[in-house]
Amino acid sequence: MNKQEAVKKIGELRVILERHRVLYHVHDSPEIDDEIYDSLMKELAKFEKEFPELDSPLSPTHRVGGDPLPKFQKVTHEVKQWSFDNVFSFEELKDWEDRNIKILEKMDSASLPTYVAELKIDGLKVVLTYENGKLIRAATRGNGEVGEDITENIKTVRAIPLIIPEDVSITVIGEAWIKKKDLVKLNKERVKEGLPLYANTRNLAAGTLRQLDPRIVATRNIQIFAYDIEVSPMEFSNKWKRNIGTQEEELETLEKYGFLVSKDRKFCKNLEDVQKFYNTWINKKNTQDYGIDGIVIKINERKIWDALGYTAKTPRAGVAYKFPAEVTTTKLLRIVVQVGRTGAITPVAELEPVLIAGSTVSRATLHNEDEIKRLDVRVGDTVSLRKAGDVIPEIFGVFKELRPKNAKAFVMPTHCPSCNSKLERIKVGKELSAALYCVNKSCPAKHLEGLIHFVSKKGMNIEGLGEKIIESFHDIGIITDAVSIYRLKKSDIEGLEGFGEKSAENILSSINGSKNTQLYRFLYALGIRHVGEQTAKDIAKHFGAFDAIRKAPLEELSGVEGVGEKVAQSLIEFFSDSRNSSLTKELLKYINIEKVKKSPGGKLKGRTFVITGTLPTLSREEAKELIEKNGGKTSSSVSSKTSYLLAGENAGSKLTDAKKLKVKIVNEAELKAML
Ligand SMILES: [Zn+2]
């Protein structure tokens, strides 16, 4: 294919992919299977690799996320990001309308406003700037004047277009959110990994978009509802904007441009209509995939909107009508600290049981020490509690005037409640963790959590050993580590309180049944930090045998698809600890790992090559084929992930890049020698 043909093909593929993105992510009515979409995407990526000069940072192939950033840059918003005033009752809403009508009467404006009511999504406001139809920047709202540049993260969000089909320069405002079911799924993973949980979908959306690694953002399924188009004051009177006469048309325009816009909006002739919409959603709000904390009412007519102008704080033409929140108060009885499997220490509030959002709650997370300090919450306090997004109940306020006289500030323990070793903040990447950790390798509480993880469904799947049983066996000392599970005898169990012959036999047969297992289950069960179920599967698939994993060097581990530096480092650490190697050796005397066929690969499996310059005998295409045939991969640009630069004559900037990044450089003969 020549370049001219490639230009045409790439253009066509991008148009098709954009059309199907809109069908899937905006209209929720896909016309093609995901597999077909993926394969079109692969085809596009192939052409872009072949003709790197035709690649573009706004191509859909770049939605998978680029390299992590060292930090976010600050961005000054072109248009100040105000937020609407809140009202809490129909009377207040009516007052708002009366004030507006008075202003309009003074201006001799004859027409009365109509309204558009939209849902107020509990998410994170984002500001997307397009220049000549191209996304050039995305930022958080921040304090309204200055936000943070999150462009690389937003590019991974498929609910927004990277290029809009008209040559306009606009700012689009949207609310980012994450589905409740995605929050539940992610929190389940985090429980397993001993990480602190996200309290609600808003925290998760905010936490995700403020992630420095766009590749993580790409996995999180962020949604964005677009709801407003702004143009800078300089262009305020431009013709294009004047063509949009109403808020309804503005929302339709956003849809036409390929943004996801909430369908749950309503044109309202008057405030009585608005109140009906409000009443409907107060009853329906928990049926949606996202949190809703009220409705937003905007004057529909752009002319009236402009005539009313702004107060010092906010535009007069819109208002937020908030729902009464699902909150309650109760008494804080105790603060206990929990030790997770990885040693993370989480303070938990024990509460006087109270009914909230339909269920009785007696515990709430306090997240970490900083959060306790921020709230200044003490034992004996009356606290306000909310259950946000149906997830973990959370304390968000304290009635200090009701505080008992002698209530003391909570002091986070300096030592592990279980083993009494000194707690530390650990390094997470380059930073120190917010949570304290018990780093004692023989901590009983960590062991217990580790054992619960070991027998769990995704691990060794020993159904007969539930959490309670493990806990009591651990307490009396008949289970001390994972190996001791397989050494249990009937006589150890029989006669213990609550266990007869039959139940002892059941437990033993359940343990026996777990002895034949798959490699990934065993690997997952070991509870290695950062090795969740999917990662365990990826590693197992690549290596095929436990011994190969145990002996693998860092470079090979981090080259495995789905495994990064962090996971690889953690595996190396785990296996270099002599206790772990003797434990796994002992375990494998009892456990039989089913043989899996190593996935077809070759000598270059896990290696990524970049090709540059003219090779003596092979064309670039032939070199690429040769590498791929032997299980290797090729990429168009040199990065820290590149294993080798295959360089021929007249190699240009890629050679310089490779030298800078200390990537190994090989020639054609050396490549052939590897095979
Ligand atoms: Zn401990």
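Colleague: Are Phe546 and Phe575 buried or exposed?

Modeller: Please note at the outset that this is a predicted model. In it, Phe546 is buried, and Phe575 is buried as well.

Colleague: What share of the contacts with a separation of 6 or more comes from residues 24 or more positions apart?

Modeller: Such residues account for 67% of those contacts.

Colleague: By what quantities is a pair of aromatic rings described?

Modeller: Two quantities are used: the distance of the centres and the angle of the planes. In the whole structure, a search finds 16 aromatic pairs. One of them joins Tyr278 and Phe323, with 5.2 Å from centre to centre and 55° between the planes, and this pair is tilted. Tyr278 belongs to helix H10 (residues 271-284), while Phe323 sits in the loop between strand S11 (318-322) and strand S12 (327-339), so the pair ties together parts that are 45 residues apart in sequence. Both of these residues, Tyr278 and Phe323, are buried.

Colleague: Why is the pair of Phe546 and Phe575 edge-to-face?

Modeller: The ring centres of Phe546 and Phe575 are 5.7 Å apart and the planes stand at 75°, so the pair is edge-to-face; the cut-off for this class is an angle over 60 degrees. Phe546 lies in helix H20 (residues 546-551) and Phe575 in helix H22 (residues 565-576), so this pair ties together parts that are 29 residues apart in sequence. Ring pairs also link Phe522, Phe546, Phe574 and Phe575 into a cluster.

Colleague: Let us move to the metal site. Which residues coordinate the zinc ion?

Modeller: The zinc ion is coordinated by the SG atoms of Cys416, Cys419, Cys438 and Cys443, at 2.2 to 2.3 Å. The angles among the four donor atoms run from 100 to 114°, and the site is tetrahedral. Along the chain, the donors follow the spacing C-x2-C-x18-C-x4-C. Cys416 and Cys443 link distant parts of the chain, 27 residues apart. Cys416 is in the loop between strand S16 (393-398) and strand S17 (423-428), whereas Cys443 is in the loop between strand S18 (431-438) and helix H13 (444-455). Cys416 is buried, as is Cys443.

Colleague: How is the length of a helix checked, and what span should helix H1 have?

Modeller: The expected span is 1.5 Å times one less than the number of residues. Helix H1 (residues 3-26) has 24 residues and should therefore span 34 Å; its end C-alpha atoms are 33 Å apart, which agrees. At the N-terminal end, H1 is capped by Asn2, with a side-chain oxygen 3.1 Å from the backbone nitrogen of Gln4. Among the buried residues of H1 are Ala6, Ile10, Leu13 and Leu17. The buried residues of H1 pack against helix H2 (34-50).

Colleague: Which residue follows H1?

Modeller: H1 is followed by Asp28, which has a positive phi near 55°.

Colleague: Why does Thr140 count as buried?

Modeller: Thr140 counts as buried because its relative accessibility is 7%, and the cut-off for buried is under 20%. Thr140 is found in strand S5 (residues 134-140). A polar atom of the side chain of Thr140 lies 2.9 Å from the backbone nitrogen of Glu148. Leaving aside neighbours within four places in sequence, Thr140 is in contact with His77, Leu124, Lys125, Gly147, Glu148 and Ile150.

How values were computed
Residues are numbered from 1 along each chain as its sequence is written. This is a predicted model: local features need pLDDT of at least 70, side-chain atom pairs count only at pLDDT 80 or more; totals for chains, interfaces and linings use all residues. Side-chain values use heavy atoms; hydrogens and water are left out. Donors are N, O and S atoms within 2.8 Å of the metal (3.2 Å for Na, K and Ca); water is not among the atoms, so sites may look incomplete. Four donors count as tetrahedral if all angles lie between 85 and 135 degrees; four count as square planar and six as octahedral if opposite donors are over 155 degrees apart and all others between 65 and 115; anything else is irregular. Helices (H or I, at least four residues) and strands (E, at least two) are DSSP runs, numbered from the N terminus. Buried means under 20% relative accessible area, exposed over 50%, partly exposed in between (1.4 Å probe, protein chains only). Contact means heavy atoms within 4.5 Å. A polar contact is a pair of N or O atoms within 3.5 Å; within protein, one must be able to donate a hydrogen and the other to accept it, and residues adjacent in sequence count only if both atoms are side-chain atoms. Rings of Phe, Tyr and Trp (its six-membered ring) pair if their centres lie within 6.5 Å; planes under 30 degrees apart count as stacked, over 60 as edge-to-face and the rest as tilted.
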